[in-house]
Amino acid sequence: MRGKAWMLTAVALTGLGLAQGTITLVGAGATFPYPLMAKYADEYTRLTGGKVRINYQSIGSGGGIRQFLEQTVHFGASDAPLDDLRLKEVRDRFKTNALNIGYALGAVVPTYNLPGVKEPLRFTGPVLADIYLGKIKTWNDPALQGLNPGVKLPPLPITVVHRSDGSGTTYVWTDYLSKVSPEWAQKVGRGTSVQWPVGVGGKGNEGVAGVVKQTPGAIGYVEVTYAKQNNLAYGAVRNKAGRFILADLASIRAAANVPLPGDMRVSLTDTAAPDGYPIASFTYLLLYENLSVNKAVKSEEEARALVEFVKWILTDGQKYNEPLTYGALSPVAQQRALALLSRVTYEGKPIGKEIVGR
């Protein structure tokens with residue numbers, strides 16, 4: 001497969017006139033998929049013999065959306081798809097559509113630092129909301145002890161850790177809390193940035209993981225890969241069916257088994273799937289449908305190289321998702337994503353349709 005993929009890519013690159021030159025595609029945004037994006041970048045650079053390089057800046061979804069709108073990057077990345085207001089802004093300002101192309105599934109987990117506690121703790125959505133509202137202040141609170149009757153919870157104060165930057169991980173977390181806690185929905189709500197009632201901030205998934213790791217008694221929320229890479233404990237969360245579910249590939253995939261709209265903008269949190277993990281999400285690439293309007297895209301060669309890269313992510317690149325605990329796209333989701341990519345044009349040329357159809 002690798003040999004075939006290299007031949008196809010080499011043919012495509014030669015057709016772009018890239019046999020001698022190098023193109024660097026710049027992306028920015030979500031920290032949630034950064035381990036996966038770094039893997040994609042390494043593999044694709046190797047696959048193209050260094051002809052196409054990927055420079056991905058892991059700055060948070062809020063920063064990625066901002067740079068996408070400021071047109072300083074070839075593509076943005078966000079765990080929160082652009083909302084209707086942002087889509088209208090793109091149409092009004094740039095006379096084209098913004099595409100939200102899902103390419104992987106992930107899970108946000110409650111991660112904690114409790115010395116001496118070995119087994120995964122159990123949480124419910126309302127209890128997590130009350131911790132983040134500052135209503136549950138110690139680990140041996142009856143609400144937590146009642147969920148974990150066999151565990152000796154220490155009387156440690158809870159240090160709440162949240163993101164300090166605009167974050168799709170925050171969006172997924174607060175989207176979930178807004179569904180399971182009316183008080184959270186009323187007082188805080190959902191968003192890439194919110195007014196936190198309590199806690200200390202960390203920048204990026206990396207920052208939250210770092211604060212939790214260094215702070216006995218801390219609780220935070222991170223993409224599951226960050227918890228695994230940092231050897232942090234993370235809990236099981238009770239889903240709508242009443243089952244306590246740990247985030248893993250099977251439970252993430254189960255959460256994504258929902259009707260998928262054509263634009264791929266969908267919330268997967270608080271899934272009704274009996275085996276589904278309740279805080280799961282797609283993560284998205286943001287592209288302009290008409291790449292000519294994006295000032296970061298300097299030529300048709302760059303536009304074609306970008307579409308080739310995204311097509312590779314959605315096809316051959318999917319094999320790198322699951323070893324890093326990101327769900328691969330289902331056949332239906334892959335079909336939706338490729339259909340969106342096929343809409344991309346450059347100076348009136350249907351380059352998306354040409355490249356996806358090859």
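Mentor: Gladly! Let us begin with pairing: two strands pair if DSSP finds at least two bridges between them. Keep in mind that this is a predicted model.

Trainee: What makes β5 and β10 a pair?

Mentor: Strand β5 and strand β10 (residues 236–238) share two bridges, and at least two are needed, so they count as paired. They run in the parallel sense, and R122 stands opposite A236 in β10.

Trainee: What sheet does β10 belong to, and in what order do the strands come?

Mentor: Three strands make an open sheet, ordered β5-β10-β11, with mixed pairing. Strands of a sheet pair through backbone hydrogen bonds, either parallel or antiparallel.

Trainee: Why are β5 and β11 called edge strands?

Mentor: β5 (122–123) and β11 (244–245) each pair on one side only.

Trainee: Now the helices. How do you know how α5 and α7 are oriented to each other?

Mentor: The axes of helix α5 (residues 125–132) and helix α7 (residues 168–180) cross at roughly 115° and come within 9 Å. Angles of 65 to 115 degrees count as roughly perpendicular, and α5 and α7 are therefore described as roughly perpendicular to each other. The crossing of α5 past α7 is left-handed.

Trainee: Which residues meet where α5 and α7 touch?

Mentor: From α5 come G125, P126, L128, A129 and Y132, and they meet W173, Y176, L177 and V180 of α7. By class, this contact has eight nonpolar residues, one polar and no charged ones.

Trainee: Why does E289 count as buried?

Mentor: Its relative accessibility is 17%, and buried means under 20%, so E289 counts as buried. E289 lies in the loop between β12 (280–288) and α12 (300–314). Leaving aside neighbours within four places in sequence, its contacts are T96, N97, L99, R343, V344 and T345.

Trainee: What makes α3 a mostly covered helix?

Mentor: In helix α3 (residues 61–70), eight of the ten residues are buried. These are S61, G62, G63, G64, I65, Q67, F68 and L69. Just after α3, Q71 takes a positive phi of about 60°.

Trainee: And which elements cover the buried residues of α9?

Mentor: The cover includes β4 (98–112), β6 (159–163), α7, β7 (200–202), β8 (218–223) and α10 (224–229). Among the buried residues of helix α9 (residues 204–214) are G204, N205 and V212.

Notes:
Residues numbered from 1 in each chain as written. Predicted model: local features only at pLDDT ≥ 70, side-chain atom pairs only at ≥ 80, totals over all residues. Heavy atoms only, no water. Helix = DSSP H or I, 4+ residues; strand = E, 2+ residues; numbered from the N terminus. Buried < 20%, exposed > 50% of the residue type's maximum accessible area, 1.4 Å probe, protein only. Axes fitted to C-alpha atoms, helices over the stretch in contact; angles between N-to-C directions. Parallel < 35°, antiparallel > 145°, perpendicular 65-115°, else oblique. Left-handed = near helix turned anticlockwise from the far one by under 90°. Contact = heavy atoms within 4.5 Å. Nonpolar A, V, L, I, M, F, W, Y, C, P; charged D, E, K, R; others polar.
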